[in-house]
Amino acid sequence: EEEEEDLSELPPLEDVGRPLAPPREDTQPSEQGQGEAAEDPQEWLDVLGSGLLKKKTLVPGQGVDTRPRKGQDVTVRLKATLEDGSVVEENPALTFTLGDCDVLQALDLCVQLLEMGETALIVADAKYCYGAQGRSPDIPPNAALTLEVELLAAQDTPDLELLSGKEKIELANRKRERGNFFYQQADYVLAINSYDIALKIISSSSKVDFSPDEEAELLDVKVKCLNNLAASQLKLDHYEAALKSCNLVLEHQPGNIKALFRKGKVLAQQGEYREAIPILKAALKLEPSNKTIHAELSKLVKKHADQKNVETEMYRKMLGNPSAAGTPGKCKDKLPWSIPWKWLFGATAIALGGVALSVVIAARN
């Protein structure tokens with residue numbers, strides 16, 4: 001009873017569709033009947049309440065308590081089709097970590113609602129599939145998909161501490177590549193999520209000894225993730241976070257050109273041109289033919305010069321000496337004569353003092 005209460009906030013799938021299963025089979029030949037069933041709220045579950053992601057049970061599962069939990073590794077049978085019925089993907093045993101965004105959002109969200117052995121139909125808007133970019137060459141931009149999914153298995157993910165070096169590298173790389181996919185789709189929030197997961201895998205403690213080559217490869221994956229993380233953070237204007245990511249890369253690889261370039265860009269975005277220019281010069285020294293660094297550096301040098309001119313004018317106004325600019329001639333004429341006359345007056349005073357002292361001494365004698 002407690003478990004049912006914990007799941008009460010989820011859509012009530014246990015009450016959906018089962019009593020109507022026989023009539024649904026009878027009405028399949030009728031196109032009008034199918035259209036009516038598609039609109040029947042007892043047939044279709046509006047997963048997000050927006051109408052953009054809907055799920056319908058085709059074959060009931062083994063009960064609510066068999067639903068997979070977020071963080072588990074699940075295996076599903078998948079068939080994806082376009083609106084015209086053309087099949088764009090078939091996989092008899094697709095395995096992924098539930099909730100890690102390893103697959104389409106539509107699949108990641110809906111599989112959490114499947115019971116073991118259940119087969120469901122999922123109709124998903126392009127937003128939860130391949131978006132405005134599509135997937136060349138078979139999925140056009142802004143294409144909705146229909147997914148037929150059967151939940152085959154669910155199990156807890158392996159203990160990171162017990163993974164071998166090779167297993168850890170492969171797992172971290174899968175998460176990193178997923179982050180790259182989201183970056184190319186311009187979904188920078190999900191890209192950051194994937195890179196963060198990869199970094200957690202790499203940084204997790206281990207009870208297994210790794211070879212020097214495996215350690216080096218793990219470090220290489222870590223640097224790639226941090227660099228890509230900084231790029232995603234820059235896209236979202238998260239400058240402090242991007243700066244931190246760049247500095248972590250440079251701790252491991254001080255001559256990493258991408259990290260130097262992005263750090264320079266972050267500082268430039270914050271208006272720190274004086275600090276940004278030497279960093280970009282260091283990057284350009286490592287790769288003199290890089291046109292992107294050349295262009296960025298030229299732009300920053302100009303901005304820095306403009307900034308200095310503005311600051312100079314501001315300081316001049318703050319000092320409040322408007323007459324200085326209007327009477328330069330008098331200052332120039334007065335300056336050469338004023339210093340010699342002061343010296344001459346001082347020398348005369350010293351000489352007179354010496355004479356007076358001599359007279360006093362002579363008088364005493």
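A: The axes of H7 and helix H8 (residues 239-252) come within 8 Å and cross at roughly 160°. Here, axes are lines fitted to C-alpha atoms, for helices over the stretch in contact, and angles run from 0 to 180 degrees between N-to-C directions. Helices (H or I, at least four residues) and strands (E, at least two) are DSSP runs, numbered from the N terminus. That angle makes H7 roughly antiparallel to H8; the cut-offs are under 35 degrees for roughly parallel, over 145 for roughly antiparallel, 65 to 115 for roughly perpendicular, and oblique for the rest.

Before going on, please keep in mind that this is a predicted model, where local features need pLDDT of at least 70 and side-chain atom pairs count only at pLDDT 80 or more, while totals for chains, interfaces and linings use all residues. Residues are numbered from 1 along each chain as its sequence is written, and side-chain values use heavy atoms, with hydrogens and water left out.

Back to the pair: the crossing of H7 and H8 is left-handed. A crossing is called left-handed if the near helix is turned anticlockwise from the far one by less than a right angle, and right-handed if clockwise. On the H7 side, the residues in contact include Leu 219, Val 223, Leu 226 and Leu 234, and on the H8 side they include Tyr 239, Ala 242, Leu 248 and Val 249. Contact means heavy atoms within 4.5 Å. Sorted by class, the contact of H7 with H8 has 12 nonpolar, 4 polar and 1 charged residues. For these classes, Ala, Val, Leu, Ile, Met, Phe, Trp, Tyr, Cys and Pro count as nonpolar, Asp, Glu, Lys and Arg as charged, and the others, Gly among them, as polar.

H7 also meets helix H5 (residues 165-184): their axes come within 10 Å and cross at roughly 20°. H5 and H7 are therefore roughly parallel to each other, and their crossing is left-handed. Among the residues that make this contact are Ile 169, Ala 172 and Tyr 183 of H5, together with Leu 218, Val 221 and Ser 232 of H7. By class, the contact of H5 with H7 has 7 nonpolar, 5 polar and 7 charged residues.

Ser 232 deserves a look of its own. This residue sits in helix H7 (residues 212-235) and is buried, with a relative accessible area of 0%. Buried means under 20% relative accessible area, exposed over 50%, and partly exposed in between (1.4 Å probe, protein chains only). Leaving out residues up to four places away in sequence, Ser 232 touches Tyr 183, Tyr 188, Ala 191, Ile 192 and Tyr 195.

Now for the strands. In strand S5 (residues 119-124), 5 of its 6 residues are buried. S5 runs antiparallel to strand S2 (residues 53-59), joined by 6 bridges, and antiparallel to strand S6 (residues 145-155), also with 6 bridges. Two strands pair if DSSP finds at least two bridges between them. Lys 56 stands opposite Leu 121 in S5, while the bridge partner of Val 123 in S6 is Thr 146.

To finish with the whole chain, its secondary structure comes to 13 helices and 6 strands. Of its 365 residues, 37% count as buried.
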